[in-house]
Amino acid sequence: MATDLLKRLGLADHPRVRIDGAGGDGWAVTENPATGKALAAVKLDDTASYERELAGAVETFKRFRSVPAPVRGQIVRAIGEEFRTHKKDLGELVALEVGKIRAEGEGEIQEIIDIAEFAVGLSRQLPGQIFPSERAKHRILEQWLPLGPIGVISAFNFPAAVWAWNAALATVCGDVTIWKPSLLAPLTALACNGIAERVSTSMGHPGVFRLVMGLDSVIGERLVADRRVPLISATGSCRMGKRVGQVVADRVGRCLLELGGNNAVIVAEDADLKLAVPAIVFGAVGTAGQRCTSTRRLFVHEKIADDVCRRLVDGYKQVMGKIGDPLSAGTLVGPLINAASVEGYKRAVDEAKKQGGTVLIGGEAVVREGNYVQPTIVRATAGNKLPIAREETFAPILYVFTFKTIEEAIELQNGVEQGLSSAIFTNNLLTSEAFLAADGSGSDCGIANVNAGTSGAEIGGAFGGEKETGGGRESGSDSWKVYMRRQTSVVNYSGKLELAQGIKFE
Ligand code: NAD
């Protein structure tokens with residue numbers, strides 16, 4: 001089945017792919033997390049091939065920046081159409097390589113189509129501004145210009161969409177994209193980048209979409225430190241972001257960091273539990289808890305906590321029977337990405353128990369081929385203390401706490417290092433306004449939803465988070481500005497030279 005899919009996507013006879021999975025020097029083996037077996041091996045870049053890609057990117061940028069933005073938009077439009085054609089196969093490849101269920105794999109490709117549509121519209125805008133000058137017959141203009149070759153570092157858990165969020169916007173902005181994917185999902189990267197580059201080449205613009213694959217110590221670090229790359233957009237763990245941020249700051253480059261989350265849902269006393277419970281279950285269990293926006297902490301009003309826990313356990317019981325092969329119909333929970341993640345899950349559950357937490361359901365690795373674990377709920381006892389909940393464990397573990405007042409709930413929610421996604425369930429205007437307070441005293445996250453869960457963002461809004469999540473924004477709203485450079489111009493049409501601030505220099 002896998003070989004047929006790789007053939008349909010043009011990967012079976014790709015010069016960088018060995019479908020027999022034979023590794024060796026300069027090759028990385030990519031595994032199917034549902035079986036733990038090799039899917040294929042991919043050829044890694046070395047410093048010489050990296051250098052060729054970078055030099056090529058710099059040259060391509062010099063040409064591509066002169067292509068009018070609406071024409072660049074047409075390239076992105078055609079790429080989006082091509083992804084539409086291959087959505088099913090690419091969704092399956094994502095499922096095979098990172099273990100997402102088929103619907104979520106296809107959803108990821110849908111995000112590529114959505115961001116392409118958004119970028120096409122943007123290609124007719126990229127609006128600058130005009131400001132009044134204090135000097136007569138002068139005008140102040142602000143324009144946005146292409147920035148350069150852009151480095152995109154992506155995490156394993158969104159192996160296609162995150163690249164597309166960056167690449168679609170970067171392309172309409174006139175930039176060339178150099179993608180360094182996770183070595184846990186190199187086939188998805190080869191397939192997606194290949195489609196974009198083929199379409200762009202067929203429209204007369206080769207070299208706009210570039211891929212470098214290699215070890216972090218060889219290729220990743222080189223890209224991050226490369227002065228020819230004015231922007232590094234990096235998605236991944238806080239540990240990675242701290243390193244990347246330091247290296248880019250050292251060369252005074254620009255960083256867009258999309259890092260780890262520790263997302264929480266608050267359930268107020270008046271919440272509609274018919275909405276809250278399924279949203280929490282999807283948020284905590286979906287993608288086997290391997291979304292940056294997965295729900296990891298739950299704060300429930302003490303008066304309804306027992307009822308909410310009972311309902312959640314009932315919901316989880318239904319899910320337990322649907323753990324399995326991500327490509328089988330009816331599966332709701334696929335595997336974790338690798339054996340190390342299973343170990344991380346076990347360590348976190350053990351630690352939670354030692355810290356006084358009570359496992360309400362789950363808590364075990366699933367004994368079968370592949371990297372499966374049970375979705376798990378741990379209820380904090382002993383005065384809400386459960387230090388392990390401050391860490392992002394990339395697995396389906398939900399920690400439950402109680403609160404008395406909304407102020408207390410918001411303080412608890414905000415009391416972690418990360419600040420990506422948050423949600424409140426309430427029908428009380430005052431409670432939801434406290435959560436969204438205009439003075440910033442509510443949720444401190446980049447995403448704050450009311451009566452909707454923490455995960456499943458649409459591309460229209462800007463996506464990203466605060467604190468150790470990195471502060472970057474991708475996707476919708478005015479996120480495009482990070483892929484361009486701003487230029488301010490004073491135009492004097494008075495025929496006289498006049499200095500600002502009334503300065504005389506005669
Ligand atoms: P990771 O940090 O292990 O790796 C992410 C990427 O960074 C990979 O491509 C990796 O090769 C690269 N990398 C690591 N060290 C590097 C270095 N020194 N120089 C250059 N590149 C380097 O993360 P992961 O396990 O692939 O993904 C899971 C993490 O990503 C979670 O923490 C999750 O929350 C986060 N994530 C965040 C977002 C977001 O938008 N905020 C989205 C998806 C994932």
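**Figure 1. Polar contacts across the interface of domain 1 and domain 2 in the predicted model.** The interface of domain 1 and domain 2 holds six residue pairs in polar contact, with both partners at pLDDT 80 or more. Two helices, H4 (87–98) and H5 (102–122), are the elements that contribute two or more residues to the side of domain 1 that touches domain 2. Helix H5 gives the most to that side, with six residues.

**Figure 2. The salt bridge between Glu104 and Arg291.** The side chains of Glu104 and Arg291 are joined in a salt bridge, with an N to O distance of 2.8 Å. Across the interface of domain 1 and domain 2, one salt bridge is found.

**Figure 3. Extent of the contact between the two assigned domains.** The domain assignment divides the protein chain into domain 1 (46–259 + 470–487) and domain 2 (263–459). Their C-alpha centres are separated by 31 Å. Domain 1 supplies 24 residues to the contact, and domain 2 supplies 19 residues. The size of an interface is often expressed as the accessible area lost when the parts come together. Between domain 1 and domain 2, about 1,700 Å² is buried, and carbon and sulfur atoms account for 64% of this area. On the domain 1 side, the residues that lose the most area to domain 2 are Ile101, Glu104 and Phe156, which together make up 29% of what that side buries.

**Figure 4. The largest nonpolar core.** This core comprises 79 residues, and Phe83, Trp163, Leu187 and Tyr483 have the most contacts inside it. Helix H6 (residues 161–172) provides the largest share, 10 residues. At least three residues of the core come from each of domain 1 (46–259 + 470–487) and domain 2 (263–459). A second, separate core has 57 residues, including Ala34, Val285, Ile323 and Leu398.

**Figure 5. Surroundings of Leu187.** Apart from neighbours within four places in sequence, Leu187 is in contact with Leu6, Leu11, Val17, Thr30, Leu39, Ala40, Val42, Leu93 and Glu97. Leu187 is among the residues with the most contacts inside the largest nonpolar core.

Figure 6. When residues up to four places away in sequence are not counted, Thr431 touches Ala268, Ile406, Ile424 and Thr426.

Definitions and conventions: Residues are numbered from 1 along each chain as its sequence is written. This is a predicted model: local features need pLDDT of at least 70, side-chain atom pairs count only at pLDDT 80 or more; totals for chains, interfaces and linings use all residues. Side-chain values use heavy atoms; hydrogens and water are left out. A nonpolar core is a set of buried Ala, Val, Leu, Ile, Met, Phe, Trp, Tyr and Cys residues joined through side-chain atoms within 4.5 Å. Buried means under 20% relative accessible area, exposed over 50%, partly exposed in between (1.4 Å probe, protein chains only). Helices (H or I, at least four residues) and strands (E, at least two) are DSSP runs, numbered from the N terminus. Domain bounds come from an automatic or database domain assignment. Contact means heavy atoms within 4.5 Å. Buried area is the accessible area (1.4 Å probe) that two parts lose on being put together, summed over both. A salt bridge is a side-chain nitrogen of Lys or Arg within 4 Å of a carboxyl oxygen of Asp or Glu. A polar contact is a pair of N or O atoms within 3.5 Å; within protein, one must be able to donate a hydrogen and the other to accept it, and residues adjacent in sequence count only if both atoms are side-chain atoms.
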